[in-house]
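Please look at the sequence and the model before reading on.

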Amino acid sequence: MILVTGGAGFIGSNFVLDWLQQSDEGVVNVDKLTYAGNLQNLSSIKNDTRHIFIQGDIGDVELITRLLKQYQPRAIVNLAAESHVDRSIHGPEDFIQTNILGTFRLLEAVRAYWAQLDHVARSDFRFLHVSTDEVYGSLAPHSPAFSETHGYQPNSPYSASKASSDHLVRAYHHTYGLPVLTTNCSNNYGPYQFPEKLIPLIICNALAGKSLPIYGDGLQIRDWLFVTDHCIAIRRVLEMGVPGDTYNIGGWNERANIEIVQTICELLTEIYPDRQFLQLITHVTDRPGHDRRYAIDATKIKRELNWRPVETFATGIRKTIHWYLDNQQWTTDVQTGAYRQWIEKNYQQRTL
């Protein structure tokens, strides 16, 4: 049995689904079900007895302690996080509560549980913390990609909160001996991503004939990682990673935001040749402190754990577009009134 936090979110639900496809080992899934947590993502396994869902907060020490005692997991995969930069700018406190205090309280509960295990179970136990490349800050156009030794220079409340959680995880290994693993991934995309992030937002807006908002000049560069590749990498790190180590997980796919949007428009035009999607692109005022470039050097995980992504951006983006086309009811269902209000708040006053 493993315990996954945040397993109803985008990456979390993909990880749970992938795990149960690849293994008979059960999953205890703890998710608070905030705006981005969605049990519809897990509807295909609603009758699978290997999957035990618990609605709860990682900051609830009493709950986590009870679940650890009851299910005796051999590993924790911590995917619970507030994860949207724009939301962190408008309301940073939620990010402090979940990403910093929540991680701290989770670590405390896990440390107490781990300490009472027998020698073999203690040795085999792992706590895998999933983080982001944004903790490293922003890269100049021709600078080397982020390696695991790159200094932390977070530039948003979101990345600062994740950097803090990374430091806490590291400290619990070096201070208490907790066998932790940390992964720092690049921008994920794929099925079940909440439509406030760039790729699903552009797909959904394009299909609805709405404007396609691009921050500033659109030349911000990100490394794009298909979510299933990320899930495979997490499994590999959990299986083979060295306790105390960090592993960067990237897609080897650096693209400017404007290129991403243009590619989506071109692929949608192949499907709907009578529609002019490129004409919907609208440049809006850039967000405060917008990092210009992220790039992941995933050499270490390739060399030490024999992992590299299967999907190129060309194959991954086609799969993603077709998933959203085939699951438009899912998109409709997640676009609640609260979500529409958020989009309006974030983009309404950004027109150039």
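## Helix packing and sheets

The axes of helix α9 (residues 257–271) and helix α11 (residues 313–326) come within 11 Å and cross at roughly 60°. Helices (H or I, at least four residues) and strands (E, at least two) are DSSP runs, numbered from the N terminus. Axes are lines fitted to C-alpha atoms, for helices over the stretch in contact, and angles run from 0 to 180 degrees between N-to-C directions.

The model is predicted: local features need pLDDT of at least 70 and side-chain atom pairs count only at pLDDT 80 or more, while totals for chains, interfaces and linings use all residues. Residues are numbered from 1 along each chain as its sequence is written, and side-chain values use heavy atoms, with hydrogens and water left out.

**Two partners of α11.** Helix α11 also packs with helix α7 (residues 198–208). The table sets out both pairs.

| Helix pair | Angle | Axis distance |
|---|---|---|
| α9 and α11 | roughly 60° | within 11 Å |
| α7 and α11 | about 50° | 11 Å |

The angle makes α9 oblique to α11, and α7 is likewise oblique to α11. Angles under 35 degrees count as roughly parallel, over 145 as roughly antiparallel, 65 to 115 as roughly perpendicular and the rest as oblique. The crossing of α9 and α11 is right-handed, and so is that of α7 and α11. A crossing is left-handed if the near helix is turned anticlockwise from the far one by less than a right angle, and right-handed if clockwise.

Contact means heavy atoms within 4.5 Å. Between α9 and α11, the contact residues include Ile260, Ile264 and Leu268 of α9 and Phe313, Ile317 and Ile321 of α11. By class, this contact of α9 with α11 has nine nonpolar, two polar and two charged residues. Ala, Val, Leu, Ile, Met, Phe, Trp, Tyr, Cys and Pro count as nonpolar, Asp, Glu, Lys and Arg as charged, and the others, Gly among them, as polar. On the α7 side, Ile199, Ile203 and Leu207 are among the residues that touch α11, whose own contact residues include Phe313, Ile317 and Ile321. The contact of α7 with α11 holds 10 nonpolar residues, one polar and no charged.

**The seven-stranded sheet.** An open sheet of seven strands has the order β3-β2-β1-β4-β5-β6-β10, with parallel pairing. Two strands pair if DSSP finds at least two bridges between them. Strands β3 (51–55) and β10 (246–249) stand at the edges with a single partner strand each, so one side of each lacks a neighbour in the sheet. From one strand to the next, the twist averages 20°. Five bridges join β2 (residues 27–31) to β3 in the parallel sense, and Val27 has His51 as its bridge partner in β3. Helix α4 (residues 93–115) packs on this sheet, touching β1 (2–5), β4 (75–78) and β5 (126–132).

Three bridges join β7 to the parallel strand β9 (residues 221–226), and Tyr189 stands opposite Phe226 in β9.
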